[in-house]
Amino acid sequence: MIVEEIMQKNVKTLTPKNTVRDALQLMQKERIRHIPLVDGNGKLAGVVTERDIKEVAPNPFFPNEQMEKLALPLEKIMKTNLLTGHPLDFIEDMAALMNDNRIGCLPILERGKLVGIVTGTDLLQTFVDLTGAGQPSSQIEIRVRNRTGVLREITEIIYEHHINILSVLIYPDRKNLDNRILVFRVSTMNPVTLISHLKEAGFDVLWPNMPGMPR
Amino acid sequence: MKEAVFVFSTDLLAYRFRNDHPFNQMRLQLVKELLEAIGALNREDIVKPRMASDEELFFIHDPSYVEAVKLAGRGKLDPVKAENFGLGTEDTPIFPNMHEASALIAGGTLAAAEEVMSGRARHALHLGGGLHHGFRGKASGFCIYNDTAIAIKYLRETYGVRILYVDTDAHHGDGVQWAFYDDENVCTLSIHETGRYLFPGTGNVNEWGTGKGYGYSFNIPVDAFTEDESWLECYAAALEEIAAYFKPDVLVTQNGADAHYYDPLTHLSATMKIYREIPKLAHKIAHQYCEGRWIAVGGGGYDIWRVVPRAWSLLWLEMAERDGGQGEIPASWLEKWQKKSSYPLPAVWDDPADLYRPIPRKQEIEEKNRNVLNRMLQFIGQLK
């Protein structure tokens with residue numbers, strides 16, 4: 001999956017000459033936490049985050065002090081020296097980049113111009129889409145040995161039941177690195193016979209277990 | 001005016017996918033005979049279902065889908081096309097005359113709605129209905145036509161009433177929810193086992209509706225192994241609060257009986273107690289807000305021997321305000337059906353206290369469910 005599939009294209013921006021007050025109002029109105037600042041040529045000059053703004057905006061405990069800070073131009077507080085991404089970058093890489101550098105947003109540039117933004121929220125939404133039920137389905141989790149052919153053996157059994165697989169995720173087993181956890185979403189309301197066949201074939205079905213039987 | 005009518009015909013039993021399929025309308029016969037055995041159902045209580053017309057099916061379904069169901073029932077639907085319509089799958093196999101069987105179910109729910117709206121009956125029960133997974137153009141989860149959504153749309157179009165739909169099936173009422181997701185005149189509430197594992201996977205607490213319908217869709221996904229008290233706490237608090245907020249003209253309840261410990265498809269640990277309590281509160285709400293107008297349908301329920309007959313009989317007894325659901329189950333009924341059942345049939349109406357072994361993380365499950373309930377109540381508080 002590449003960045004242009006998930007990035008926000010309708011980016012709310014300001015210029016470095018705009019004030020802290022402008023940024024505060026835009027963040028409140030649009031419910032956003034990151035504002036890229038672009039100069040007259042559409043070039044990215046910096047970014048201000050909610051935290052940058054809060055550090056200079058008047059403290060709610062002393063609302064009448066430091067009012068002059070609201071008039072500060074954003075270029076005085078903006079972050080420069082930015083990490084940026086490209087629309088063709090892979091989402092996985094950008095997520096790692098954001099995580100490693102502990103940043104909440106990544107401006108996306110094409111030919112030097114700002115074309116989008118990816119935030120932590122967009123990555124979370126992608127995670128929700130990948131793990132959620134896009135279509136009506138049941139979820140089955142199976143713990144397997146990490147070996148060649150195991151996925152094929154399981155999908156073979158699912159195929160024999162004429163059940164469509166809507167998604168497959170493979171997680172490491174945090175308790176035992178020799179194992180993997182396979183998570184299937186299958187398009188049936190009645191996975192009971194499938195599960196009993198998987199168990200008969202020796203697979204460790206973690207969930208669902210048989211109704212009414214706590215593990 | 002009659003207190004309640006019971007929509008029934010043996011023709012409803014024709015909705016049968018395959019001999020080994022878990023959805024088995026034989027349960028309708030079991031319920032009817034149990035009620036007759038206790039003297040709580042008479043010939044004058046019964047209203048026959050009718051076939052829904054194509055135009056009525058089009059309230060919810062695409063004409064191309066209805067056409068596909070008709071073709072499938074005559075063995076003339078191309079298998080590739082069938083799969084796109086969700087037909088011929090493991091969940092909804094094709095069977096002869098499936099259109100007719102499904103349209104009769106839809107018509108049964110319409111008949112129930114007509115009985116109530118015409119004033120012939122205060123309440124109406126159609127246990128053959130409640131096929132809440134049916135989608136606009138796709139069969140899903142044992143459901144072909146979404147009889148309940150059709151009837152709700154019919155009530156909207158014909159009478160302009162505002163409808164509260166309450167779904168206590170163990171599976172999320174997705175088909176009905178999505179059909180009215182942007183409609184502020186139809187408020188849906190579904191309480192079900194969390195969709196993290198269980199079909200259909202939706203029904204999260206944050207599915208609040210969209211557009212004008214935002215704030216008119218409510219879900220309480222409860223944890224696996226949820227027991228009576230926690231389930232009823234969620235149900236009672238949610239229904240009272242939502243009814244007070246929405247103030248419906250008509251109450252429609254879907255009464256799937258698959259949240260019981262015995263049910264083979266789900267993982268909740270409810271007992272017959274919730275099936276006593278669910279209709280009591282619905283009944284109260286119907287009188288408090290809707291001048292009694294209450295249409296109830298069936299739904300899931302896959303232990304057709306030990307669970308459904310008792311659960312659905314209790315629903316009718318509450319609706320019709322009749323006695324009989326106490327103590328022993330009539331011997332005549334037990335004798336007739338025990339031969340066919342693969343399990344020993346319960347001899348009394350209520351489940352024993354030791355129906356299942358104690359649930360290990362009971363308190364945590366209750367706490368988690370209460371958190372979900374509170375998120376919903378908090379949201380409603382913000383809407384007011």
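1. In chain B, eight strands make an open sheet with parallel pairing, in the order 2-1-3-8-7-4-5-6. Two strands count as paired if DSSP finds at least two bridges between them; strands (E, at least two residues) and helices (H or I, at least four) are DSSP runs numbered from the N terminus. Strand 2 (46-47) and strand 6 (217-222) of chain B are at the edges with a single partner strand each, so one side of each has no neighbour in the sheet.

2. This is a predicted model, in which local features need pLDDT of at least 70 and side-chain atom pairs count only at pLDDT 80 or more, while totals for chains, interfaces and linings use all residues. Residues are numbered from 1 along each chain as its sequence is written, and chains are lettered from A and ligands numbered from 1 in the order in which they are written.

3. Within the sheet, strand 4 (residues 163-167) and strand 7 (residues 250-254) of chain B pair in the parallel sense over five bridges. B:Val166 stands opposite B:Thr253 of strand 7. Helix 6 (residues 147-159) of chain B packs on the sheet and touches strand 4, strand 5 (186-193), strand 7 and strand 8 (294-297). The direction of helix 6 makes about 175 degrees with that of strand 7; axes are lines fitted to C-alpha atoms, for helices over the stretch in contact, and angles between N-to-C directions run from 0 to 180 degrees.

4. The axes of helix 5 (residues 98-117) and helix 6 of chain B come within 8 Å and cross at roughly 40 degrees. That makes helix 5 oblique to helix 6 of chain B (under 35 degrees is roughly parallel, over 145 roughly antiparallel, 65 to 115 roughly perpendicular, the rest oblique). Residues of helix 5 that meet helix 6 include B:Ile105, B:Leu110 and B:Met117. The residues of this contact divide into 10 nonpolar, three polar and one charged (Ala, Val, Leu, Ile, Met, Phe, Trp, Tyr, Cys and Pro count as nonpolar, Asp, Glu, Lys and Arg as charged, the others, Gly among them, as polar).

5. Two backbone details lie in loops of chain B. The peptide bond from B:Phe199 to B:Pro200 is cis, with omega near -5 degrees, and B:Pro200 is in the loop between strand 5 and strand 6. B:Phe142, not a glycine, has a positive phi near 75 degrees; B:Phe142 lies in the loop between strand 3 (121-126) and helix 6.

6. 27 residues of chain B are in contact with 19 residues of chain A (C-beta atoms, placed from the backbone, within 7 Å). The chain B side divides into 13 nonpolar, nine polar and five charged residues.

Terms used. Two residues are in contact if their C-beta atoms, placed from the backbone, lie within 7 Å.
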